[in-house]
Amino acid sequence: MAKPVVGVIGESGTGKSSMFETLPSDRTILINAELKPLPIKNFRQFKNVMTDTYKKITTVIKQLGTDDGAKYDYAVLDSFTSLTEIVNKYASTAFNGYEVWAMYNQMIVDVIWDLKKLPQQVFIIALPEQKAMEFGETKSYARVKGKELKYGYLEKELAVVLFTNPVHDDETGEMLDVHMHYKANKFNTAKSPRGMFDGVLKNDALDIANKVEAYYGSD
């Protein structure tokens, strides 16, 4: 049975990628659309698949659903933002006119749905974009091109969406720790089922995966 995909959204340098340091490297695969190492000391111990084309991304996802992919318990897509750029580039060269955006939208939707069907615990990393709200306030969503998918499509498809919340030293401004927003508020699109998380949630992917499994139950 597929596990709920976890979305992890945050600005660069706020602890999105470092949270995966706690995952067992021999049972984790990185779908690396960023084409760069994660900022974690054990990065080279992970199965790291560079995916700079739409075909490579879909091939890796398909393989994870086969017996060959059964050796992996965790999969990380880094990042949704780069995935959309790769798909946009492919659609712009393969199609014309209105077909470009229609196929772009469909391919993004297909990738999300294929990830949701995988038996692994999947994490999707994304950068945020802000939408202006009332009274000069802004709200953060996963960044994506195409008006049909903007401002909440990824979040709508996921049961768990976490936003990084860095803790800084008041005097130096240095980042001391990273907590995760998991409750909806007026500033971002974080969400999780009631009772899945409690208190302060750290940027620890293994702990998060264990809490998700405990909530829904194992196979």
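Me: What makes Lys116 count as partly exposed?

Reply: Its relative accessibility is 24%. Buried means under 20% relative accessible area, exposed over 50%, and partly exposed in between (1.4 Å probe, protein chains only). A value of 24% lies in between, so Lys116 counts as partly exposed. This is a predicted model, where local features need pLDDT of at least 70 and side-chain atom pairs count only at pLDDT 80 or more, while totals for chains, interfaces and linings use all residues. Residues are numbered from 1 along each chain as its sequence is written, and side-chain values use heavy atoms, with hydrogens and water left out.

Me: Why is the contact of Lys116 with Glu157 called a salt bridge?

Reply: The closest N and O atoms of the two residues are 2.9 Å apart. A salt bridge is a side-chain nitrogen of Lys or Arg within 4 Å of a carboxyl oxygen of Asp or Glu. The 2.9 Å of Lys116 and Glu157 is within 4 Å, so the name applies. Lys116 lies in helix 3 and Glu157 in helix 4, so the pair ties together parts that are 41 residues apart in sequence. Helices are DSSP runs of H or I with at least four residues, strands are runs of E with at least two, and both are numbered from the N terminus. Glu157 has 12% relative accessibility and counts as buried. Salt bridges with shared partners join Lys116, Lys156 and Glu157 into one network.

Me: How do you know that Lys36 and Glu34 meet in a salt bridge?

Reply: Their N to O distance is 3.9 Å, and the cut-off is 4 Å, so the pair qualifies. Lys36 is partly exposed at 45%, and so is Glu34 at 23%. The whole structure holds nine salt bridges.

Me: What separates Lys211 and Asp207 in helix 5?

Reply: They are four residues apart, or about one helical turn. An α-helix has 3.6 residues a turn, so residues three or four places apart point the same way. The side chains of Lys211 and Asp207 meet in a salt bridge at 2.7 Å, N to O.

Me: Why is one side of strand 3 and of strand 9 left without a neighbour in the sheet?

Reply: The sheet is open, with seven strands in the order 3-2-4-5-1-8-9 and mixed pairing. Two strands pair if DSSP finds at least two bridges between them. Strand 3 (47-50) and strand 9 (175-181) stand at the edges, each with a single partner strand, so one side of each has no neighbour. Strand 9 is joined to strand 8 (residues 160-168) by six bridges, and the two run antiparallel; six meets the requirement of at least two, so they pair.

Me: What makes the span of helix 2 close to the expected one?

Reply: Helix 2 (residues 80-94) has 15 residues and reaches 21 Å from its first C-alpha to its last. The expected span is 1.5 Å times one less than the number of residues, which for helix 2 is 21 Å, so the two values are close. Its buried residues include Phe80, Leu83, Ile86 and Val87.

Me: How do you know that the radius of gyration agrees with a compact globule?

Reply: The radius is taken over C-alpha atoms, and the globule rule is 2.2 Å times the number of residues to the power 0.38. For 219 residues a compact globule would have a radius near 17 Å; the chain has 17 Å, so the two agree. Of these 219 residues, 47% count as buried.
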